Amino acid sequence: MWPKDVGIRALEVYFPAQYVEQTELEAHDGVSAGKYTVGLGQSRMGFCDDREDINSLCLTVSHRLLERHGIEPRDIGRLEVGTETILDKSKSVKSVLMQRLEPHGCTDVQGADTTNACYGGTAALFNAVAWVESSAWDGRLALVVAADNAVYEAGSARPTGGAGAIAILVGPDAPLVFDRGLRASCMRHAYDFYKPNLRSEYPTVDGKLSIKCYLSALDSCYQLYCDKVRERDPVSEPVTLASFDAFLFHSPYCKLVQKSFARLAFVDFLNTPKDRLGDRYKDAASFHASKLEDTYFDRDVEKVFVQLSKVDFEQKTRPSLLLANQVGNMYTPSVYSGLVSLLISKPISELAGNKIGVFSYGSGLCSSMYSLTVTRDTRDGSGLSKIITALSYVKPQLEGRHRVSPADYTRVLAAREHNCHIVPFTPESSIDNMFPGTYYLTQVDEKYRRTYKRV
């Protein structure tokens with residue numbers, strides 16, 4: 001027998017306690033007003049100073065989840081980390097997180113780190129689900145942690161940075177259930193975004209190629225997902241955006257998410273026979289003979305379908321962009337910050353029974369599309385109610401962050417880049433403004449060993 005309703009039983013999100021305003025960054029960078037805010041759809045960008053790194057981010061979010069939900073270390077049988085922020089080429093971040101479990105005698109914990117750009121968190125999540133559904137499962141829960149510090153060198157990509165972490169508890173009898181057998185992936189070789197220089201935190205980016213890869217992977221995953229549904233039930237209605245109550249996307253920046261939603265509307269349009277289009281598509285009829293691969297940068301197609309899909313986008317995807325807009329691109333946690341945002345932005349009565357589409361993308365490239373079904377049980381004390389209630393801290397902490405000037409933000413990034421892999425190293429930033437429960441770096445000794453304390 002398969003375990004019943006395997007899915008997400010708890011969520012925790014963490015973001016740094018400081019941010020830079022994108023309007024101020026526009027002025028500081030000398031670009032036109034609105035380039036980052038309107039053009040990219042971003043408002044604020046969170047970032048790490050020298051007190052935080054990938055280990056501290058993961059320590060913070062995992063400890064907070066276990067603490068907030070009363071999960072005992074003995075309840076965890078699998079712990080896996082998805083990240084592209086590498087401090088060590090051998091030692092996993094997962095092994096660092098064992099500091100929380102090992103003192104309780106809990107060392108029988110499967111899992112390690114999973115890496116491929118922004119996709120690592122999804123790969124770790126799939127592994128956790130597979131473990132729970134496998135003969136290796138021993139009845140315990142799986143904990144998935146996804147975290148990154150997303151920084152870019154000075155230039156056009158820098159405002160698409162961010163930082164944060166997500167912890168996801170996976171097990172049976174979950175209120176957010178993975179739809180079994182409905183998963184479509186697209187994996188290819190591409191140099192759209194990569195990090196070949198291990199002495200730098202900054203990636204090498206081909207911006208135009210990255211957008212093309214993202215949209216191409218989205219097309220492939222969506223078409224394949226639709227095909228798999230049809231294969232499972234040949235007499236069912238074809239899958240379209242109307243089949244979903246919400247749709248989440250990996251968010252490099254919010255404007256690309258809106259264009260991606262419009263892209264799926266365009267695919268639906270192309271999949272509809274011309275004689276069934278109706279008046280709604282009268283302004284788009286000339287695009288019906290288009291090939292998807294010829295339209296990645298077609299502004300006319302984009303403009304028409306952004307407008308045609310605008311109402312659905314506002315209902316199904318806009319609520320998922322709160323954290324992306326306020327914190328920026330978290331990399332591996334990005335699409336799951338969208339899930340958190342959705343859960344805290346809609347009334348529980350509107351979430352009950354929802355079908356949620358999820359598209360995860362990581363450069364290089366790895367991508368997948370799958371779906372979640374939300375339980376219909378919205379009673380006080382239900383699993384869904386507990387998840388949403390436990391996330392009540394998110395909005396107050398977003399507003400409780402402190403603003404840093406672009407000049408100071410730039411100095412922080414310059415100092416991080418200068419001190420990257422320098423030992424011994426002692427951080428200098430203050431811990432006064434950190435959120436309670438945050439882990440912070442105290443020292444890196446001459447053997448590159450890192451020590452942490454908790455606020």
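A contact here means heavy atoms within 4.5 Å. Of the contacts in the protein with a separation of 6 or more, 75% join residues 24 or more positions apart. The model is predicted, with local features needing pLDDT of at least 70, side-chain atom pairs counting only at pLDDT 80 or more, and totals for chains, interfaces and linings using all residues. Residues are numbered from 1 along each chain as its sequence is written, and side-chain values use heavy atoms, leaving out hydrogens and water.

Buried residues (under 20% relative accessible area, 1.4 Å probe, protein chains only) make up 56% of the 455.

A cavity is a set of points on a 1 Å grid over the protein atoms alone where a 1.4 Å probe fits but cannot get out; lining residues have an atom within 4 Å of a point. Volume is the space filled by probe spheres set on the points, which are joined across faces, edges and corners. There are 2 cavities of 30 Å³ or more.

| Cavity | Volume |
|---|---|
| Largest cavity | about 40 Å³ |
| Second largest cavity | about 30 Å³ |

The largest cavity is lined by Ser-62, Leu-66, Leu-79, Leu-97, Arg-100, Leu-101 and Leu-143. Residues lining the second largest cavity include Leu-248, Phe-249, Ser-334 and Gly-338.

How values were computed
On a 1 Å grid over the protein atoms alone, a cavity is a set of points where a 1.4 Å probe fits but cannot get out, and a pocket is an open set with protein on both sides within 12 Å along at least five of seven lines; lining residues have an atom within 4 Å of a point. Buried means under 20% relative accessible area, exposed over 50%, partly exposed in between (1.4 Å probe, protein chains only).
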